[in-house]
Amino acid sequence: AMPHVLWELQGQRAAKFEEVADPHDPSKVTHRFAGWEQLTPGKLTERQYDDTVADLVAYLQWMGEPAQGKRFQLGVIVLIFLGFLTLFAWRLNAAFWKDVK
């Protein structure tokens, strides 16, 4: 498995499991994940750690595709243009076919 590179900030945690009856066979017992148990405290609080990881993920996402903002803006402009083009074509069609009906 990949090592947790931010373990010093989060602290060491262990998974907690609870035993529950198997829904398909009541004679068997299965383990269900019940949360995390903090073994040693980290350098950051849980809220600070979540904010740090959110900032890191946002930065990595931006670095992966820095032109996404410009593409999104261009997409909105294209959709507005297509909307106007649709209205224009609809009215032009009505003008051409008004004498046929």
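What percentage of the 101 residues of the protein chain count as buried? The share is 5%, where buried means under 20% relative accessible area, exposed means over 50%, and partly exposed lies in between (1.4 Å probe, protein chains only).

This is a predicted model, in which local features need pLDDT of at least 70 and side-chain atom pairs count only at pLDDT 80 or more, while totals for chains, interfaces and linings use all residues. Residues are numbered from 1 along each chain as its sequence is written, and side-chain values use heavy atoms, with hydrogens and water left out.

View 1. Three helices and two strands make up the pattern α-β-β-α-α along the sequence. Helices (H or I, at least four residues) and strands (E, at least two) are DSSP runs, numbered from the N terminus.

**View 2. Dimensions of the chain.** The C-alpha trace spans about 80 × 45 × 25 Å along its principal axes. The radius of gyration of the protein chain is 28 Å, whereas a compact globule of 101 residues would have one near 13 Å; the value is taken over C-alpha atoms, and the globule rule is 2.2 Å times the number of residues to the power 0.38.

**View 3. Leu82 in helix 3.** Leu82 belongs to helix 3 (residues 68-97). Leu82 counts as partly exposed because its relative accessibility is 40%.

**View 4. Contacts in the protein chain.** Among contacts (heavy atoms within 4.5 Å) with a separation of 6 or more, 41% join residues 24 or more positions apart.
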